[in-house]
Amino acid sequence: MNGSFLHDATHPYPTRLLEIHRDKVKLVEHLAVPPLAPRSPYAILSYCWGDGDTMTTTSANLADHLGGFPWMALPQTIQDAVLVCFRLGIKFIWVDALCVLQDSPEDWASECARMGDYYSCAVVTLSALDASSVHEGFLSSRAPLSTARLFRSVWDPHGYGGHPEIWIRQSPPTLGTVMLNAPLSRRGWALQERVLSTRIVHFAKSELLWECLTCSAQEGLTELNDHRQDCSNIQYSAHGAFAIWQRFVVEYSTRKLTHPEDRLPAIAGLARILAERTDSPYCAGIFGKDLIELAWQEAVTGNPPALAPAPSWSWARPNSRVKFPFYDQDRLVSTVDARFEGYDSSILHGCLVVSACFRKMSGPWNVEIRIAERAHTTRTHMIPPIRKTGCECKTAVVETLVYALEIAPHPANPDCWARVNVHIYPYVEGCGAYGQKYEFRDSTRSVFKLV
């Protein structure tokens with residue numbers, strides 16, 4: 001990698017980088033290179049901060065860090081990353097704790113918006129997969145896999161027989177299993193760091209793992225996978241991209257964040273790329289060209305989750321696991337028109353103005369708006385325990401699932417509405433037992449502003 005990779009000249013360097021010297025590291029700002037000059041590559045670190053204090057760059061110590069400090073002053077995980085870069089001949093590395101001013105909301109917001117580019121343009125991402133803390137490090141002696149001797153070596157002096165000594169060893173866990181159980185895979189920020197990286201070296205406790213845009217590999221296995229496991233490349237088709245987005249959101253919602261307010265920023269880099277490739281407006285976790293996403297549901301019930309700073313209609317609002325309706329681009333059809341209003345560059349806030357058919361609910365104020373439908377053939381109506389009361393269908397029928405969003409007047413703004421829940425109603429054309437769909441179909445469309 002020394003000298004064989006150069007930084008993509010079409011993308012500027014990150015605002016700050018750590019410059020690696022033999023005996024120290026130095027923070028550099030606004031690194032500029034002449035247009036025709038070769039650009040040195042930089043690496044980037046994906047890791048867990050963990051509990052407790054760690055070394056950071058702030059407005060108060062920025063000048064000191066620009067002057068440089070010895071390697072040994074760094075937390076162990078960052079120190080190990082610097083050592084790897086030094087051995088590979090990579091001169092620069094980006095580490096969020098040291099390259100973002102941690103006491104400046106303005107600098108943090110600016111760097112957060114560019115973080116996706118930082119990972120996609122780095123020559124390699126160093127993943128401290130099994131380190132649960134920045135003080136733990138990832139370069140350590142490894143316990144060897146269990147081995148056993150199958151045959152002793154037999155030597156034939158005449159060269160007509162014999163065989164070498166043969167050993168067998170325990171088969172290592174698959175890449176997917178290693179990833180699933182790793183501390184880094186439980187960190188919210190690490191999802192987009194992995195997805196957007198061009199090349200990743202994962203440092204696990206027992207072996208090295210490799211992922212790039214075309215393949216994945218393990219140190220303990222001889223075969224090379226011709227695809228990137230658990231991390232599909234983002235497709236260019238709108239429907240494919242939206243299906244991938246929903247899969248990422250489901251996975252992302254299971255991960256942990258130290259600060260609930262990071263729930264949208266920690267996936268903003270991935271969202272920005274999808275918005276560009278699908279030419280779709282995006283606000284607070286929802287794409288304007290895929291409003292079926294409004295039918296998200298909490299995947300677990302129980303105590304009310306903590307709320308993140310997001311609109312009521314966003315899946316990011318409850319700080320808990322979420323799920324989406326079955327995604328089938330041929331049969332799941334949006335029945336709502338909408339636009340975003342008043343959203344800012346931080347993609348955290350905004351109004352969703354929808355035009356949809358609606359019906360009043362049994363309560364005094366709440367209403368339901370129809371947002372999507374999906375038709376499928378089923379034979380469950382022939383089974384009395386499953387058949388809806390009053391259904392007299394004797395054969396397989398086409399059942400339509402109607403997705404309805406329950407909304408209520410916003411307590412602080414009487415002109416706006418807030419999302420309450422999503423309901424799914426089955427309907428069979430011509431069957432009197434399924435009447436809810438007509439209440440939506442026959443109603444006029446109305447406009448609601450959701451906040």
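Start by selecting Phe-358: at 21% relative accessibility it counts as partly exposed (buried is under 20% relative accessible area, exposed over 50%, partly exposed in between; 1.4 Å probe, protein chains only). You're looking at a predicted model, where local features need pLDDT of at least 70 and side-chain atom pairs pLDDT 80 or more, while totals for chains, interfaces and linings use all residues. Residues are numbered from 1 along each chain as its sequence is written, and side-chain values use heavy atoms, leaving out hydrogens and water.

Now colour by pLDDT (the predictor's confidence in each residue, 0 to 100). The chain's mean is 79, with 72% of residues at 70 or more.

Next, the rings. There are 15 aromatic pairs in the whole structure (Phe, Tyr or Trp ring centres within 6.5 Å, using the six-membered ring of Trp; planes under 30 degrees apart are stacked, over 60 edge-to-face, the rest tilted). Pick Phe-242 and Phe-287: a tilted pair, 5.5 Å centre to centre with 45° between the planes. Phe-242 belongs to helix H7 (238-252) and Phe-287 to strand E15 (286-287), so the pair ties together parts 45 residues apart in sequence. Both are buried, Phe-242 at 3% relative accessible area and Phe-287 at 0%.

Back to Phe-358: its ring centre is 5.5 Å from that of Phe-448, with the planes at 75°, so this pair is edge-to-face. The link runs from strand E20 (351-360) to strand E24 (445-450), 90 residues apart. Phe-448 is buried at 5%.

Then show the sheet. It's open and mixed, with 9 strands in the order E4-E2-E1-E5-E3-E6-E11-E12-E13 (strands pair if DSSP finds at least two bridges between them). Strands E4 (69-70) and E13 (216-218) are the edges, each with a single partner strand, so one side of each has no neighbour in the sheet.

Last stop: Gln-79, in helix H2 (76-88). What does Gln-79 touch, leaving aside neighbours within four places in sequence? Trp-71, Met-72 and Leu-74 are in contact with Gln-79 (contact means heavy atoms within 4.5 Å). Gln-79 is buried, at 12%.

Notes. Helix = DSSP H or I, 4+ residues; strand = E, 2+ residues; numbered from the N terminus.
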